[in-house]
Amino acid sequence: RAVGPARERGTGSLDKDEIEKRAQSSVTFARQNAGAREAVVGKRKVMVDALRRNMSFTTHDALVQELNERVQSGEFIPIRRFDKFEELTTSQMLALERSNIHQMLAGRGTQEPMMKRKEASKVIKEIFEQKGKKSSFDQYKVVGQILVTRDRVFALEGLAGTGKTTALAILREATERQGFVVRGLAPTGRAADKLAESGIKTTTLQSFIKEPEFGPVVENNRRLYVLDESSLSDTKNVH
């Protein structure tokens with residue numbers, strides 16, 4: 001019953017203005033969708049998303065023309081790397097990333113260290129001994145660097161199996177002794193559960209954005225946030 005009437009109607013003739021209007025809305029949708037999870041996406045994926053948005057209401061040629069015009073205007077920025085198919089990012093994504101980098105740079109050297117260097121060394125050693133664990137030099141060093149840093153944002157790259165969870169547990173205890181509330185954030189529930197093994201109360205980054213205030217109010221609003229698996233967090237949520 002559905003196919004019969006469709007055959008009688010035949011292929012509909014589309015108005016030129018409507019074709020162009022639909023092509024514009026399709027490419028806009030594809031742009032928004034492209035930046036939802038990834039900073040850089042394949043040009044092919046952008047075209048697929050655009051085609052699916054208004055299939056049969058616009059044409060492939062109209063979409064190609066619209067996308068090329070958006071590239072020429074700078075709304076989409078083409079990227080070629082590692083001999084892959086052409087990829088695209090957006091001007092909005094670059095603006096977000098520049099803002100994130102600016103925030104990090106603006107926070108350099110602006111904070112009071114959580115501890116003096118000698119005090120930090122003493123506390124780290126004491127906590128390790130209390131837990132009956134032997135610290136590796138890297139664990140000892142990185143916890144110490146975080147405790148004495150004057151930077152608002154500090155990055156730690158911890159490879160699998162290097163004792164990151166233990167190091168973060170030591171960091172949590174040391175900072176809590178200084179009156180800080182320590183909270184963990186992660187891009188997925190599984191990552192949040194893993195970070196929580198260090199004793200840090202953890203939620204997903206998305207939940208934190210929805211309800212950013214959690215935990216008791218402390219003196220001078222001393223807070224330390226640990227964002228685990230930051231490379232898996234999308235740029236918009238990090239922003």
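Guide: What follows is a short tour of salt bridges, accessibility and strand pairing.
Guide: This is a predicted model, in which local features need pLDDT of at least 70 and side-chain atom pairs count only at pLDDT 80 or more, while totals for chains, interfaces and linings use all residues. Residues are numbered from 1 along each chain as its sequence is written, and side-chain values use heavy atoms, with hydrogens and water left out.

Visitor: Why is the contact between K45 and D49 called a salt bridge?
Guide: The term asks for a side-chain nitrogen of Lys or Arg within 4 Å of a carboxyl oxygen of Asp or Glu. For K45 and D49 the N to O distance is 2.9 Å, so the pair qualifies. By this rule there are 11 salt bridges. Both K45 and D49 sit in helix α3 (residues 43–53), 4 residues apart, about one turn of the helix; helices are DSSP runs of H or I with at least four residues, strands are runs of E with at least two, and both are numbered from the N terminus.

Visitor: What makes D49 buried or exposed?
Guide: Buried means under 20% relative accessible area, exposed over 50%, and partly exposed in between (1.4 Å probe, protein chains only). D49 has 9%, so D49 is buried.

Visitor: How do you know which class R80 and E86 belong to?
Guide: R80 reaches 63% relative accessibility and therefore counts as exposed, whereas E86, at 22%, counts as partly exposed. Their side chains meet in a salt bridge at 3.4 Å, N to O.

Visitor: What makes the R177 and E126 pair a link between parts of the chain?
Guide: The side chains of R177 and E126 form a salt bridge of 3.0 Å, N to O. R177 lies in helix α8 (residues 164–177) and E126 in helix α6 (residues 117–130), so the pair ties together parts that are 51 residues apart in sequence. R177 is partly exposed at 36%, and E126 is partly exposed at 29%.

Visitor: How do you know that β2 and β3 pair?
Guide: Two strands pair if DSSP finds at least two bridges between them. Here 4 bridges join β2 to β3 (residues 87–90), so the antiparallel strands count as paired.

Visitor: Why is β1 called an edge strand?
Guide: The open sheet of 3 strands has the order β1-β3-β2, with antiparallel pairing. β1 (41–42) and β2 (76–79) are the edge strands, as each pairs on one side only.
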